[in-house]
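Here are my notes for a first look.

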Amino acid sequence: MKAAPVKPVQALFLDFDGVMVESVEIKSKAFRTLYADQPADVLTRIMAYHGAHDGVSRVVKLRHCHEQFLGVRLSQTELDALTRRYAQLVEDAVVNAPWTPGAQEVLQRYHQRCKLFIVSGTPEDEIKRIAERRAMMTWLTGVYGSPTSKTDIVRALLSEHDLQAEHCVFIGDAMADWIAASETGVPFIGRVAEGRPDPFPKGTRTVCDLRGLTFT
C-alpha cells in the first residue's frame, strides 16, 4: 500500500465515470446495445471484456471485441461510425447522471486549495463537453481524455505544473487508473461502489464513495 501523500495536497487527478458521476452502468448499457444482435454467448464474452477493462478507451475496446469475438477487422470508417453511435447513446445520459456521493463537495472544497484534473478514458472533446454541460469547469484546472493514455496525461501534468507526485492523489475506480497512478508515483485511492467487486491489488486504499475524504 502506498504511503499517504504529504499534506497539503498539490493536485487531485480524478477519473470521471464511477468517480465523479454514477455513469458506469450507462456506459455498460450502451456497449450492450452496440452488440445486441450477437448470440448470447458472444454477448456474454463481450460484456465480460468490457467490464474487466473499465477506464480503457472505447476505441480500443470496440476494435478488440470485433477482432477477437466477431472475427471482424474494422476499417477506420467503420470504427469511427461505431464510436459516434456509442457517443450518441451515452452523452446526454452522462450529463444528467447523478453525482457520486461526495464528488461535488470535493470539487467545491478543494478547487481553491489545489489543482483539480479530470483524467478520463472518454475521448477528450467529449469529456470536455460533458464537463461544460455539467457546469464543472469553474472548479477544474483541466479536463483530459483519450486517445492519450492516463499515464501519459498524468506524467505530462506533473511536469507542466511542477507537481511532486507524492504530494498528489489519483482517485479512480478501475485498474487503468491504478496503473496510471503506479507508473507515475502518485498515491492512489480506489472507489469501489457498494456491491461491486474490488478490482485492486491487496492493500490498496479504497472508499465506497467520496464523502468525508480530506486532503488538507
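1. A quick definition to start: buried means under 20% relative accessible area, exposed over 50%, and partly exposed in between (1.4 Å probe, protein chains only). Helices (H or I, at least four residues) and strands (E, at least two) are DSSP runs, numbered from the N terminus. Residues are numbered from 1 along each chain as its sequence is written, and side-chain values use heavy atoms, leaving out hydrogens and water. This is a predicted model, where local features need pLDDT of at least 70, side-chain atom pairs count only at pLDDT 80 or more, and totals for chains, interfaces and linings use all residues.

2. Look at α1. Its buried residues are V24, K27, S28, A30, F31 and L34. They sit on the same side of α1 because they cover an arc of only 160° around the axis (taken from the directions from the helix axis to the C-beta atoms). The face turned away from that buried side carries the exposed E25 and K29.

3. Now the cysteines. Searching the whole structure turns up zero disulfides (a disulfide being a pair of cysteine sulfur atoms within 2.5 Å). C168 is in none, and the nearest cysteine sulfur, that of C114, is 8.4 Å away. C168 is buried, at a relative accessible area of 0%. C65 is also buried, at 0% relative accessibility.
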